[in-house]
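Here's a quick briefing on a protein with its ligands. Have a look at the model first, then the notes below.

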Amino acid sequence: MGKFAEACRHIGFEAMFTPRMVIAKAWVLKKHFDGFPKTSDFDLKKIELPNLKDGELLLESVFLSVDPYMRPYSQRDMKEGDIMIGTQVARIVESKNPAFAVGAFVVGNSGWRTHFISDGKDLQLLPSNWPESLPRSLALGTVGMPGLTAYFGLLEVCKMKPGEIVLVNAAAGAVGSVVGQLAKIGGCKVVGCAGSDDKVAYLKKIGFDEAFNYKTVKSLDEALRKASPDGYDCFFDNVGGEFASVAINQMKKYGRIAVCGAISQYNDSVPQKGPYVQIPMIFKELQMEGFLVTRWKNRQEEGVQALLKWVVEGKVKCHEQVTEGFENMPMAFIGMLKGENLGKAVVKV
Ligand SMILES: NC(=O)C1=CN([C@@H]2O[C@H](COP(=O)(O)OP(=O)(O)OC[C@H]3O[C@@H](n4cnc5c(N)ncnc54)[C@H](OP(=O)(O)O)[C@@H]3O)[C@@H](O)[C@H]2O)C=CC1
Ligand SMILES: O=C(O)CCC[C@H](O)\C=C/C=C/C=C/C(=O)C/C=C\CCCCCO
């Protein structure tokens with residue numbers, strides 16, 4: 001220890017010269033999911049972070065996202081022992097990078113951990129016009145990746161037009177709730193389905209024209225027909241599987257189907273079998289297109305600003321299912337897959 005530092009230690013300034021040791025908590029994938037994820041598939045680890053090098057920043061997670069893609073992507077991209085994938089809103093607590101000020105908030109893609117070090121390249125600052133009164137967690141939901149999925153999926157894949165009839169499933173969730181509201185802004189009639197009566201009541205409250213509980217209707221076919229006897233121009237499919245097989249038969253001629261997600265299949269150990277889509281596609285001359293929101297990375301700013309404006313104006317309402325505590329991340333993830341969330345599922349550290 002140098003003489004100056006030693007002198008400081010004597011007068012109680014030691015902390016100013018001893019680099020702070022940060023222990024991050026992280027959730028790792030202990031065992032690949034077999035069917036529906038279980039809490040025992042995860043392990044909570046502690047990781048000591050090194051001191052910052054020039055150009056680096058230390059971040060502290062504030063809100064973490066739990067999303068359906070984590071289920072199929074973990075299978076495809078992760079090995080056991082890896083930190084779970086995911087994004088978070090984090091606060092910069094230390095910076096040796098002049099482009100990032102201490103105290104600023106960013107969206108980072110650093111997985112399920114409480115603290116992390118970044119060189120800034122993978123971080124996105126929250127928009128500078130983000131209102132102080134708006135929860136920053138919305139950058140993971142309505143004004144983030146799920147909202148952008150709704151925006152580009154409806155505009156670019158469904159190519160919705162005023163006066164058309166739009167169907168969306170998982171409608172009370174992060175993507176679906178925005179799909180319905182944007183379709184209303186675009187002058188469409190909107191039909192939504194969700195898995196509980198409370199969710200159905202919420203859909204009506206935020207402006208869906210028709211909504212029903214797909215778990216309690218006697219016949220999905222009849223419920224879809226009753227909600228729109230003339231059929232559907234656009235179908236924003238978040239669910240896939242049996243629902244999609246039934247709905248495709250109620251598309252109007254030249255209808256467009258945006259294949260956004262297939263959550264009804266993510267936990268299958270044995271792949272589901274048909275029915276198959278070719279016959280209705282031919283006779284109704286349908287367009288069916290799968291997409292990933294990342295296709296429009298170069299238009300992200302446009303989408304975020306449009307969504308932010310609608311939220312601030314009150315034209316798009318947001319609901320979040322907030323789970324308190326980093327230790328509850330697996331529970332929040334599993335709960336979302338089970339349908340326990342109304343709106344976007346997030347975890348508050
Ligand atoms: N293509 C892309 O780029 C993107 C695709 N997605 C996809 O969009 C979809 C919705 O994601 P997101 O809004 O974040 O999630 P949600 O907030 O909608 O949460 C998932 C919801 O899915 C519903 N669900 C779960 N299991 C089933 C099932 N077996 N059948 C029907 N519904 C089910 C539940 O609602 P309920 O109570 O109604 O059953 C649950 O709340 C997912 O499929 C996801 O993978 C999301 C982001 C980007
Ligand atoms: O917000 C950010 O910048 C972080 C990016 C998060 C994420 O990577 C971006 C897009 C997420 C897309 C999600 C897609 C789905 O949910 C569709 C799910 C599964 C497709 C099947 C995969 C099959 C793999 O075997």
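Two strands pair if DSSP finds at least two bridges between them, and both helices (H or I, at least four residues) and strands (E, at least two) are DSSP runs, numbered from the N terminus. This is a predicted model, where local features need pLDDT of at least 70, side-chain atom pairs count only at pLDDT 80 or more, and totals for chains, interfaces and linings use all residues. Residues are numbered from 1 along each chain as its sequence is written, chains are lettered from A and ligands numbered from 1 in the order in which they are written, and side-chain values use heavy atoms, with hydrogens and water left out.

**The sheet**

- Six strands make up an open sheet with parallel pairing, in the order S10-S9-S8-S11-S12-S13.
- Strand S10 (210-213) and strand S13 (287-290) sit at the edges with a single partner strand each, so one side of each has no neighbour in the sheet.
- From one strand to the next, the twist averages 15° (axes are lines fitted to C-alpha atoms, for helices over the stretch in contact, and angles run from 0 to 180 degrees between N-to-C directions).
- Strand S8 (residues 165-168) and strand S11 (residues 232-237) run parallel and are joined by three bridges.
- Zooming in on that pair, Leu 167 has Phe 235 as its bridge partner in S11.

**Ligand 1**

- Ligand 1 is surrounded by 27 residues, and the closest are Val 175, Lys 199, Tyr 214, Tyr 266 and Asn 341 (a residue is near a molecule or strand if one of its heavy atoms lies within 4 Å of it).
- For polar contacts (pairs of N or O atoms within 3.5 Å; within protein, one must be able to donate a hydrogen and the other to accept it, and residues adjacent in sequence count only if both atoms are side-chain atoms), a polar side-chain atom of Tyr 266 is 2.6 Å from an oxygen atom of ligand 1.
- Nitrogen atoms of ligand 1 feature too: one lies 2.8 Å from a backbone N or O atom of Phe 291, and there is a 2.9 Å distance from a nitrogen atom to a polar backbone atom of Cys 260.
- On its own, ligand 1 has 900 Å² of accessible area, and the protein covers 90% of that (Shrake-Rupley method, 1.4 Å probe; for residues, only the protein chains shown count as cover).
- Ligand 1 lies between domain 1 (19-135 + 318-348) and domain 2 (145-294), because both give residues to its shell (the bounds come from an automatic or database domain assignment).

**Ligand 2**

- The residues around ligand 2 include Tyr 69, Arg 76, Asn 109, Met 145, Tyr 266 and Lys 297.
- Alone, ligand 2 exposes 660 Å², of which the protein buries 68%.
- Helix H3 (residues 70-77) gives the largest share of the shell around ligand 2, three residues.
- Domain 1 and domain 2 both give residues to the shell around ligand 2, so ligand 2 lies between them.

- Most residues other than glycine have a negative phi, and most peptide bonds are trans.
- Ala 170 has a positive phi of about 45°, and its place is in the loop between S8 and H5.
- The peptide bond from Gly 274 to Pro 275 is cis, with omega near 20°, and Pro 275 is in the loop between strand S12 (251-259) and helix H9 (278-283).
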